[in-house]
Structure formats: structure tokens, C-alpha cells
Amino acid sequence: MKNYDAIIIGAGPGGIFCAYELKEQNPGMSVLIIEKGRSIEKRVCPKRKTGRCMHCNPCAITTGFSGAGAFSDGKLSLSPDVGGTLPEILGYDEASKLIHESDSIYLKFGAPTDVWGVDKQKEIREIRAKAIQANLKLIECPIRHLGTEIGYEIYSKMQQHLVDEGVDLLFEDPVTEILTKDGRADGVRTGRGEEFHSDRVIVAVGRDGADWLKDQCEHVGIASTPGTVDIGVRVEVRDEVMQYLNENLYEAKLVYHTPTFDDKVRTFCTNPSGEVSTEYYDDNLAVVNGHAYKGKELKTHNTNFALLVSKNFTKPFKTPIEYGKMIAQLSNMLCGNRILVQTFGDYKRGRRTTDERLCRNNLIPTLKDAVPGDLSLVFPHRIMVDLEEMLYALDKVTPGIASDETLLYGVEVKFYSNKLTVDKNFETSVKGLYAIGDGAGITRGLQQASANGLSVARSILGLNHYSADE
């Protein structure tokens, strides 16, 4: 048993930046980060050599130092309008300030200085005009793209910096229980049965830990509400189809409300010249994702991006994470725990994509072990209609998206749906217990998670001056 001034659960961007700021402002503070995955130098996915998933436990893609999204691609959204709810909690100006400060830290550790979406105003106006004509909303957001390999280098430096500053890092030992005493945080218990104590515990578990966090909310009595379910597909097209958007925005963030059901559908995580990838979660659940390298020698000829349908449910529904998992499990059941792929031509005709039709497709899948199939056996009818209507709308902005040869991979689910109730200090209903990032339903991306970590550190240190009822 050991006592710390602060314990951080999870070594994703939120946890990293929280620890960084705690030590930056108070070098004598004792800080422990506990991470279920591996240290960054041990995060190696064997699939990149073998061509098939080896079902590592824990998964090197979704867990470990720097978290899931950071290791896979590394796009920093530099606008408060994208990536989470910090503006709603802190106010727009404060969220902007924190994003700028966290961005400066990325630059300090070697992030590329080039930013997309700030110097092409004429071209952006043209894109916006086309979007308006298609009833799409273009959200302007400068993007700093780290790339998979440069992101690895940056987070490697950050890990070493934390070690040099005296932060204790405990890897491959997941926290099993948050400990409380007299109604406030008292520490954690890990899978090895060890207890670490502190009256300030920061939960920064990311999407991979969202299900565990939901259980802890029930066990410890942390107030939370069911959040939005984000579920959909990853779309893959040739670079030529997306060239104008890629060259001028890198990632075009477009939002649509579908004519049939008035559901919100958005584009997310665009990867020009990238590749589609698989993520595996604790229960061997395969979901689709994507990433892109910075170096030219590792680029492909395809662009991929997610289309996510956002669904908000009412009582008595209270299990959005389980709902998303159920749909992903249907896809896994059909594909032997791999990712299902279907051409848009087959999707809209209601027929299964076959190996023979996929082989004659001009568009070659970058996810080599994807299984041809039929998404209508996976998705509810409403989501099927939402995705089809969004693709036709996008086709008006960048013609070719709705081509018969466009590939749709399923299922993409974001497990950040359990939304913890927090105040402006990000303290939960349990005193001394703070929440950060995607797993808590507060953020939806690297930059706001990083900014969230800075804010929580300052709250703990008394540098933020918010009253509990603000």
C-alpha cells in the first residue's frame, strides 16, 4: 500500500496532460498513472507483420501509453467546436485557451508546425457553398496532423518526460475498483490486488474503459446519465474522389440531418492516403477504425473516414454502450470476429457483397482481412437509411462518394456514451474523484482530452477558481 498526492487511471492524452501539468506546477507532488496497456515502446501490433490479428490481450491498438486514438492517427482539432463538451462546461473562451495551451505542449514535444484549414479561404468558401446546397453543415476546424509514426515519437518523448519528472507509471495492471471512504475518493485497487491511496483520483480511461467506468458508477455511486450512441461505418474511396477536400481541409467535418428521420449524421476521422484498421476490445469485440501515416512511403491511394449516426434515447433506455456492442457483435458473428465490408452498390440494392464482386471492384480494400457481407443483417433499418441519405448528400459536395464501388466497413462504434455528471472543476458527485476525456463522455478526440487534462490538474492545484455550483 502506497499513498500519492494524485492517482490517474489511464495513460491516454487526458491522463498524460494532467500528470504533465501537475508536475509542471508542483514538482514535489507525488503522482501515479496506472494503465492497463503497455508502455509505448512495447505497443507493437503483430498484425502489421503477420497480416492477421493475433488477439493480443490487452490490444496494443486500443490500450497503452498515449491511448487509442493517439496511437492510430493523431489529428489535433484546434477549434472548441469539435471534439467534445468543454465549451459547454467551461465556456467557449476558456475552452479555446486550454486548446491553444495544450497545442503549444504538443509543439514543444515535436508536433509538425503545419496546420490545415487556415490558409485556403477561397476554396473553403466553395466547399461551404456546395455543402449548403446539399443541406450539410461544414464545421470549420484547423487540423494539426501528427501522423501515426510522428505521434509515436511525440508520445515517446512525453512518456520519458513524465518519468524524468518523477511520475510513477504502472503498466499492464488495470484498475479493478475505485476506493472510497466516507463518501469521497480514497484510492484504487488493481488487478494484482494492490491498493494505492489518494484523496484525489482522476479517471481518464478513454473509450476502451467506458464499460468498466459505467460499472464503477453503479458500484461507487457516481452520478451519470445515458449519453449519445454513435454508430456507423467507415467509408473508403480513392484519393481522387476526396482530393479537393483533402488538399484544402485535410479533414472536412460535415454534419447532416437526414430528411426521412431527421437524425444527425456526421463525418469523423478522415484519413487521406490512409488505411482502414481493426480495433479489438476486452471481450474480443472487433470494430473498425482508420489511420494515416505522415511519411510518403507509407501512404496508400485511398481515403477513409467514418460516418456516425448519433442517437439519443429516452427512458427507460440507459445502456448505450451495450446497445453499440450488440450491433458490433452481430457483425462479428457474421464475419468470425473480423470486419465486414460491402460495396455501396450492393448496399443500396440490398444484396450481399461477394468475394467475386469485390475482386472485380476497381477500389481495392486497404483492410486485407475484411470479410465481404451484408450490412442490412447488422444495422437497424433506420441507420441504413440514415447512412444512405448522408452518402447521397456528400456526393453533391465531392462527386464519386456515392459510387457503386465505394466501400463501407462495419461496424464503427465510439464507446464514450456514459456521461458522468461533473462541475466546472470536472469533479464528480464523489468528492475528490475527477473525470477526464472520452470514457467519461466529456470529450471526443485528442485535443479536447488533452485540454481537459490541463484543466483538471489546475483544479486540483487550486489554480482554477470555480465554485462548486458554477
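**One residue.** I started with Asn-246 and skipped its neighbours within four places in sequence: Asn-246 is in contact with Trp-116, Asp-239, Thr-270, Pro-272 and Thr-303. Contact here means heavy atoms within 4.5 Å. Asn-246 lies in helix α9 (residues 239-249). Its relative accessible area is 7%, so I put Asn-246 down as buried. The scale I used calls a residue buried under 20% relative accessible area, exposed over 50% and partly exposed in between, with a 1.4 Å probe and protein chains only.

**Ground rules.** I noted that this is a predicted model, where local features need pLDDT of at least 70 and side-chain atom pairs count only at pLDDT 80 or more, while totals for chains, interfaces and linings use all residues. Residues are numbered from 1 along each chain as its sequence is written, and side-chain values use heavy atoms, with hydrogens and water left out. Helices (H or I, at least four residues) and strands (E, at least two) are DSSP runs, numbered from the N terminus.

**Strand β15.** How many of the 8 residues of strand β15 are buried? I found 7 of the 8 buried in β15 (residues 264-271), so the strand is largely enclosed by the rest of the structure. Next I checked its partners; two strands pair if DSSP finds at least two bridges between them. Strand β14 (residues 253-257) pairs with β15 in the antiparallel sense over 3 bridges, and Val-255 stands opposite Arg-266. The hairpin of β14 and β15 has 6 residues between the strands, and in it Asp-262 takes a positive phi near 60 degrees. β15 also pairs with strand β18 (residues 302-311), in the antiparallel sense over 6 bridges. There I saw Thr-267 opposite Leu-307.

**An open sheet.** I then traced 4 strands that form an open sheet in the order β1-β10-β9-β8, with mixed pairing. The edge strands, β1 (2-3) and β8 (175-181), each pair on one side only. β1 and β10 (residues 195-197) run parallel, joined by 2 bridges, with Asn-3 opposite His-197.

**Rings.** I counted rings of Phe, Tyr and Trp (its six-membered ring) as a pair if their centres lie within 6.5 Å; planes under 30 degrees apart are stacked, over 60 edge-to-face and the rest tilted. That count comes to 8 aromatic pairs. Tyr-20 and Phe-109 have ring centres 6.1 Å apart and planes at 75 degrees, so this pair is edge-to-face. The pair links distant parts of the chain: Tyr-20 sits in helix α1 (residues 13-25) and Phe-109 in the loop between α5 (92-108) and α6 (121-133), 89 residues apart. Tyr-20 counts as buried at 7% relative accessibility, and Phe-109 counts as buried at 9%. I also wrote down one aromatic cluster, formed by Phe-17, Tyr-106 and Tyr-155.

**Two helices crossing.** At what angle do the axes of α5 and α14 cross? The axes of α5 and helix α14 (residues 446-460) come within 8 Å and cross at roughly 105 degrees. Axes are lines fitted to C-alpha atoms, for helices over the stretch in contact, and angles run from 0 to 180 degrees between N-to-C directions. That makes α5 roughly perpendicular to α14, a label for angles of 65 to 115 degrees (under 35 is roughly parallel, over 145 roughly antiparallel, the rest oblique).
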